[in-house]
Amino acid sequence: MRTEFAKYEGAGNDFILIDNRGEGFTPDPRLIARLCDRHFGIGADGVMTLSRSAGTDCAMRYFNADGSEGEMCGNGARCFALFAEHLGIGGERKRFTAADGLHTARILRTEGTGGLVELGMTEVAEIRRGDGWWFLNTGVPHYVEFVRDLDTADVCGRGRAIRRDTARFPQGTNVNFVRILRDGAIAVRTYERGVEAETLACGTGATAAAIVTNFACQPAVLRYDVAVPGGTLSVRFSREAATEHYSDIRLTGPARRVFAGEFGTEDF
Ligand SMILES: N[C@@H](CCC[C@H](N)C(=O)O)C(=O)O
């Protein structure tokens with residue numbers, strides 16, 4: 001049996017999207033890992049399936065490149081919303097479920113196969129503080145650390161060690177190194193759990209980094225430009241004064257369909 005797919009990227013975070021409304025695709029972890037393999041497969045940071053859902057426009061499931069299922073993926077969900085748009089699903093405001101809850105996305109602009117997509121994220125209610133680091137959940141767990149020089153940060157070496165530090169972070173964690181550029185502007189590099197490498201962008205990571213920058217250093221700033229290796233994302237939110245409760249969190253950035261094709265399980 002052949003399965004059609006489309007490949008999307010959001011600031012260089014790339015994904016294989018499968019329309020699974022017919023329920024013909026079974027997301028087996030080994031198959032997902034083979035599809036994402038950049039040498040022996042299609043190549044991607046993750047896979048998302050789109051299914052029917054009662055009460056919302058559709059449902060998203062997200063799988064990391066190693067085949068593990070993740071609760072949320074910020075850039076993936078932005079690409080997912082554009083995929084839904086290309087399939088003619090939902091209206092101007094798309095409502096879909098993911099493992100971390102209900103999300104709303106808006107396509108703010110379209111150009112060719114791409115566009116600018118704004119995604120509503122789940123609220124943040126708790127930020128853990130350690131010695132020189134912060135930890136929070138923006139849909140998936142994120143560690144945040146500020147650095148003076150992002151170019152020389154050991155994102156892979158230290159990122160991998162922190163990601164596997166299950167004594168501190170029992171579910172593992174994504175790891176973000178952040179440089180403050182000025183009020184409302186930061187640069188971020190992320191080691192991603194489930195990809196087990198640095199990616200060109202991480203939407204939930206950019207969101208975590210912006211929130212921690214507000215929390216730790218810039219309490220008056222509620223909107224951030226986040227430079228990532230694959231482009232620029234923007235994050236805005238509301239904060240309940242002097243608390244660690246963040247709501248109305250929105251992640252905006254580019255997304256684009258770059259390829260479409262089909263595969264058969266016999267190919268793998
Ligand atoms: N690339 C993502 C994050 C994907 C989830 C993550 N790797 C995990 O399972 O922890 C994003 O854009 O948010």
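This is a predicted model: local features need pLDDT of at least 70, side-chain atom pairs count only at pLDDT 80 or more; totals for chains, interfaces and linings use all residues.
## Domains and their contact

The domain assignment divides the chain into domain 1 (2-121 + 255-267) and domain 2 (127-252). Taken over C-alpha atoms, the centres of domain 1 and domain 2 are separated by 23 Å. Domain 1 puts 23 residues into the contact, and domain 2 puts in 22 residues.

On the side of domain 1 that touches domain 2, α2 and β8 (114-120) are the elements that give two or more residues. The largest share of that side comes from β8, with five residues. By class, the residues of this side of domain 1 are eight nonpolar, nine polar and six charged.

## Helix α2

Helix α2 covers residues 74-86. Its 13 residues should span 18 Å at 1.5 Å a residue, and the end C-alpha atoms are 19 Å apart, which agrees.

Of those 13 residues, 12 are buried, so α2 is largely enclosed by the rest of the structure. The buried residues of α2 are Gly74, Asn75, Gly76, Ala77, Arg78, Cys79, Phe80, Ala81, Leu82, Phe83, Ala84 and Glu85. Just after the helix, Gly88 takes a positive phi of about 80°.

## The largest nonpolar core

The largest nonpolar core has 69 residues, and the members that touch the most others are Leu17, Val47, Phe80, Ala206, Ala209 and Val226. Helix α2 (residues 74-86) gives the most to this core, namely seven residues. The core draws at least three residues from each of domain 1 (2-121 + 255-267) and domain 2 (127-252).

What does Ala206 contact, leaving aside its neighbours within four places in sequence? Ala206 is in contact with Val188, Val226, Val228, Leu233, Val235 and Leu251 when those neighbours are left aside. One of these contacts, Val226, is itself listed with Ala206 among the core members that touch the most others.

Two residues have a positive phi without being glycine: Ala11, at about 55°, and Glu196, at about 60°. Ala11 is found in the loop between β1 (2-10) and β2 (13-19). Glu196 is found in the loop between β13 (185-192) and β14 (197-199).

Is each of these residues buried or partly exposed? Ala11 has 27 C-beta neighbours inside 10 Å, and the cut-off for a buried residue is 20 or more, so Ala11 counts as buried. Glu196 has 16 C-beta neighbours inside 10 Å and therefore counts as partly exposed.

Definitions and conventions:
Residues are numbered from 1 along each chain as its sequence is written. A nonpolar core is a set of buried Ala, Val, Leu, Ile, Met, Phe, Trp, Tyr and Cys residues joined through C-beta atoms within 7 Å. Helices (H or I, at least four residues) and strands (E, at least two) are DSSP runs, numbered from the N terminus. Domain bounds come from an automatic or database domain assignment. Two residues are in contact if their C-beta atoms, placed from the backbone, lie within 7 Å. The expected span of a helix is 1.5 Å times one less than its number of residues. Ala, Val, Leu, Ile, Met, Phe, Trp, Tyr, Cys and Pro count as nonpolar, Asp, Glu, Lys and Arg as charged, and the others, Gly among them, as polar.
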